[in-house]
Amino acid sequence: MRVHKPYVIHEEGDRSFIWLGLDESDREKGVLTNQYLLRDGDRGALLDAGGYFVFERVLNSIQEFVKPEKVELLLYSHQDPDVVGALNLWVDMVPNAKIYVSELWERFLPHLGYDLGGVINDIPDSGMRIPFGKSYIEAIPAHFLHSPGNFHFYDPITRVYFSGDMGAAIFPKDRWYLMVDNFDEHSKYMEAFHRRYIPCKRALDQWLKRIELLDIKIIAPQHGSVFADDNVPKFLNWLRSLDRVGLDLLD
Ligand SMILES: [Fe+2]
Ligand SMILES: [Fe+2]
């Protein structure tokens, strides 16, 4: 099994969006996950930091770019174990970080064995701008995609849109790549996930409309591969064309 090193996906001045590597042997421990660091100078924001098994690799990877005490934000898209599972370890290792998560999930997180201690910030349903470095990160509502309290995170400087579970791909055993090249082939690895985990087409359509005006260069999902440039509209059009998802499958 291969280990892949962290990779700077896109950079604008001293603001960079960094994928934090992968140990393919993690495949045995559950679905593969991506973690990302948004860096602004010497400060960091960690997106969907992940579960217990990836904690050590992610912590080592961020230290190639920023000091742990300079990680200012832990941003969480939703409450799943592959997203928040190592939160109680992170609060010790990045002691200056503020945590942001949907107001729906804040009261559930202490069950991870973590003392709230006033560092959790609720993201209201309508979303918010979270100050970061010389600019901000926008928490974009993406409710029911797939969690009822669900956010994506958009950086207006690098124009990277972190899409959580939207865009998730599940690869066969001997297949993996970081950047999407052949979209048609890649869509086959995404279809089953989106049909079952996205509860309804209405949520999908509302979100697609919401992000229409954003200037997006890159879409980075929490599972699978990253969409850049021409593959961004291809991915959004593919979602638009999905007819039956979630509840529709009950008919
Ligand atoms: Fe999820
Ligand atoms: Fe996930």
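Visitor: What volume does the largest cavity have?

Guide: Its volume is about 50 Å³, a volume being the space filled by probe spheres set on grid points that are joined across faces, edges and corners. The structure is a predicted model, in which local features need pLDDT of at least 70 and side-chain atom pairs count only at pLDDT 80 or more, while totals for chains, interfaces and linings use all residues. Residues are numbered from 1 along each chain as its sequence is written, chains are lettered from A and ligands numbered from 1 in the order in which they are written, and side-chain values use heavy atoms, with hydrogens and water left out.

Visitor: What makes a space a cavity, and how many cavities of 30 Å³ or more does the structure hold?

Guide: On a 1 Å grid over the protein atoms alone, a cavity is a set of points where a 1.4 Å probe fits but cannot get out. The structure holds 1 of 30 Å³ or more.

Visitor: Which residues line the largest cavity, and of what class are they?

Guide: A lining residue has an atom within 4 Å of a point; among those here are Phe17, Ile137, Phe153, Asp155 and Phe162. The lining has 8 nonpolar, no polar and 1 charged residues, where Ala, Val, Leu, Ile, Met, Phe, Trp, Tyr, Cys and Pro count as nonpolar, Asp, Glu, Lys and Arg as charged, and the others, Gly among them, as polar. Strand β12 gives the most to this lining, with 3 residues; strands here are DSSP runs of E with at least two residues, and helices runs of H or I with at least four, numbered from the N terminus.

Visitor: How do you know that β12 and β13 pair?

Guide: Two strands pair if DSSP finds at least two bridges between them. β12 (residues 151-155) and β13 have 3 bridges, in the antiparallel sense, and therefore meet that definition. Phe153 stands opposite Phe162 in β13.

Visitor: What pairs with strand β3, and how many of its residues are buried?

Guide: β3 pairs in the antiparallel sense with β2 (residues 7-12) over 5 bridges and with β5 (residues 36-40) over 5 bridges. Trp19 of β3 is the bridge partner of Tyr7 and stands opposite Tyr36 in β5. In β3 (residues 15-19), 5 of 5 residues are buried: Arg15, Phe17 and Trp19 point one way, Ser16 and Ile18 the other.

Visitor: Why is Asp165 called buried?

Guide: Buried means under 20% relative accessible area, exposed over 50%, and partly exposed in between, with a 1.4 Å probe and protein chains only. Asp165 stands at 4% and therefore counts as buried; His223, at 3%, counts as buried too.

Visitor: Which residues coordinate the iron ion (ligand 2)?

Guide: Asp82 (OD), Asp165 (OD), Gln222 (OE1) and His223 (NE2) do, at 2.1 to 2.3 Å. Donors are N, O and S atoms within 2.8 Å of the metal (3.2 Å for Na, K and Ca), and sites may look incomplete because water is not among the atoms. The iron ion (ligand 1) lies 3.6 Å from the iron ion (ligand 2), and Asp165 coordinates both.

Visitor: Why is the arrangement around the iron ion (ligand 2) called irregular?

Guide: Four donors count as tetrahedral if all angles lie between 85 and 135 degrees; four count as square planar and six as octahedral if opposite donors are over 155 degrees apart and all others between 65 and 115; anything else is irregular. Here the 4 donor atoms subtend angles of 81 to 171°, so the arrangement is irregular.

Technical notes:
1 Å grid on protein atoms, 1.4 Å probe; cavity = no way out; pocket = protein on both sides within 12 Å on 5 of 7 lines; lining within 4 Å.
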